[in-house]
Amino acid sequence: MPDKQDVKLAKIVLDILKPHTPPLVDFAKEIANVDGLLRVDATIVEVDTETESVKLTVEGNDINLEKLLETIKRMGAAIHSIDQVVAERPLRHR
Amino acid sequence: MLRLIKALLVRISRFLKYSGKDIVARRYFVLSVFDGTLAAFGIVVGANFVRGTSPATIVAAGIGAAVAMLISGVTGTFMTETAESKKRLKEIEEAMLADMDESIVAEAGSYGAMIAALINGLASFTAATTVLLPYIISLFYPEIAGIALYAAFAIALAMLFTLGTILAKVSRQNILAMSIKMLLVGLLAITLILLLQFFTG
């Protein structure tokens, strides 16, 4: 049985609220620099006067969740909820 | 080295963009170059009306004015833009219902104000010293003192013309028309200085 450390995060879907700056392209690029990320999908869900709600889907082979949340906050966004998580066990344990 | 400069420029442009001060900085740049050019040229033209004014006196008066513009531009803009950034951050924080002091938005606000202030101060200082350049050179090569006024005049008009070109490109207007407009403003300023000198003796 693999221990918890062996389980890797492969996909996380977050509901976030961010100001209009930094723009979505810069925001997604900065998030894509987080360790273990291979793909970032940022979709605007709602636009307000000062803010925008974004559905952020990140995929990778071993997502560093702590770094991901830290980067999101550093980019000025607030995390509303983590809506989906895909965790994988390494092949040797399957 | 080149990569370092490029990275620094990317960082500066990002701070300006995120803080919304990119347009403000461009406006400050144009205004300050205009101010610096006309102020220095005003000193040059005015000083030439007094018989026996040496290039050293003109350079001293001009550099004094340039330094004063540098200090006033940097400090005044920094205080104004920092206050604007803080106000903007508070508005965003209220909308986000979160403290954003540690975010890139707050960081961009502080650095953006600093960069805009430096652009404002340095633009007027550089413009003024560029117009004074023929007089500065004439301190080392006195033989060119005779043509320093004409050289300063040419530099000032060339700078105004370039400024017009930049403005036309930004506003997508006719480059030649805008550049000539700027030239005319410069000539108007010079005419007023000459008239003032004429009436005050």
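Predicted model: local features only at pLDDT ≥ 70, side-chain atom pairs only at ≥ 80, totals over all residues.

A:Pro22 sits in the loop between strand E1 (8-19) and helix H1 (24-32) of chain A; helices (H or I, at least four residues) and strands (E, at least two) are DSSP runs, numbered from the N terminus.

Residues are numbered from 1 along each chain as its sequence is written, chains are lettered from A and ligands numbered from 1 in the order written, and side-chain values use heavy atoms, with hydrogens and water left out.

(A salt bridge is a side-chain nitrogen of Lys or Arg within 4 Å of a carboxyl oxygen of Asp or Glu.) The two partners are 54 residues apart, with A:Asp62 in the loop between strand E3 (51-60) and helix H2 (65-74) of chain A. Over all chains, the search turns up 10 salt bridges.

Now for chain B, which has 6 helices and 0 strands. Its C-alpha atoms fill a box of roughly 65 × 40 × 35 Å along the principal axes. Between helix H3 (55-96) and H4 of chain B there's a loop holding B:Leu97, which has a positive phi of about 55° although it is not a glycine.

How do helices H1 and H4 of chain B pack, and at what angle? Here are the numbers:

| Helix pair | Angle | Axis distance |
|---|---|---|
| H1 (residues 2-19) and H4 (residues 104-140) of chain B | about 110° | 7 Å |

That angle makes H1(B) roughly perpendicular to H4(B), a label for 65 to 115 degrees (under 35 is roughly parallel, over 145 roughly antiparallel, the rest oblique). Axes are lines fitted to C-alpha atoms, for helices over the stretch in contact, and angles run from 0 to 180 degrees between N-to-C directions. Contact means heavy atoms within 4.5 Å, and the residues making it include B:Phe15 and B:Leu16 of H1(B) and B:Ile115 and B:Ile119 of H4(B).
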